[in-house]
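Q: I am new to this structure and would like to know what stands behind the words used for it. Please set the values against the definitions.

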Amino acid sequence: MIGFLLLALAHGALADMPLEAWSGKKSAASDNRLFAMTATLNGKGHFRLGLDTAVDYAVITESAAEEASISSGASVSFDWAGGKVNGKWFQAAKIAAGDFVGVLGPGLIIADADMEKMCNLDGFVGLKFLSSYMWTVDPFKTSLSLVPRDSPLPDRPGTKIGFSVDPKRGIVLKGSIGGKSCELIASTGLGDVFFDKDMAHKLGLNAIGPVQANGATKYQVGPSVALELDGLKTGNLQVFISQRPGWQNLGQSFFNRYIATWDMKNQQVLLSIP
């Protein structure tokens, strides 16, 4: 069965897996849900793994690694959710979700307590895993589809938007707000759009509320804006102003308006409205 699935994937057939919202909510006015898949690792357990293009390597908790018999390697320290975290490398684990079977890794194993500071998940699959395929997230059907990386973009109406990949920041999109240019990092592990104070000032965006805290991040409510990306204009996009320098994150409140197919080989994303 595993061999059949991998053969089908190699010949361009869709591998689909259902997603579930692990944070955020959908209403008539907005949708900032974040998505995760339920997967087995090495044929064991049922782990909830989030989709986050701002996380490079896969990340799983110590308890998930133990349950799935994933061996750890060298120790490493890295930035995670606003602070330094100590983890250990793992090389690979077999992952199965929906009708997909593949390999997850390399990645990092971290303490359960460090994951709990950020979310109630067992881990994240990360951009390196997703970048091995052309992938589509459909928030209307709450599904993730994977096809081989060199597949052509789907033949459906929509807007193709170019991007670049920064080794340290991830997927970088260039756009404009109010006629002023900006760079945005595709952050599918964040529910909303966050700019730091410097970027908000550059774009002429002022906070309209006091400083609030959400986990490790302090922020202020900003205005609603219209964002233009390669001729695609998206209005009524709520911005939050982060107190942490370096934030210019385009979160799921933007992407949940579209079916998004990511072509990492040609560095294009196709955004469509069903």
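Q: Why is Ser 69 called partly exposed?
A: Buried means under 20% relative accessible area and exposed means over 50%, with partly exposed in between (1.4 Å probe, protein chains only). Ser 69 has 47% relative accessibility, so Ser 69 counts as partly exposed. This is a predicted model, in which local features need pLDDT of at least 70, side-chain atom pairs count only at pLDDT 80 or more, and totals for chains, interfaces and linings use all residues. Residues are numbered from 1 along each chain as its sequence is written, and side-chain values use heavy atoms, with hydrogens and water left out.

Q: Where is Ser 69 found?
A: Ser 69 is in the loop between helix H2 (62–67) and strand S6 (75–80); helices (H or I, at least four residues) and strands (E, at least two) are DSSP runs, numbered from the N terminus. Its phi is positive, about 55°, although Ser 69 is not a glycine.

Q: Why does Asn 42 count as partly exposed?
A: The relative accessibility of Asn 42 is 30%, so the residue counts as partly exposed. Asn 42 lies in the loop between strand S3 (34–41) and strand S4 (44–50). Phi of Asn 42 is near 55°, a positive value in a residue other than glycine.

Q: What makes the peptide bond from Gly 105 to Pro 106 cis?
A: Omega of this bond is near 0°, and the bond is cis. Pro 106 sits in the loop between strand S9 (100–104) and strand S10 (107–110).
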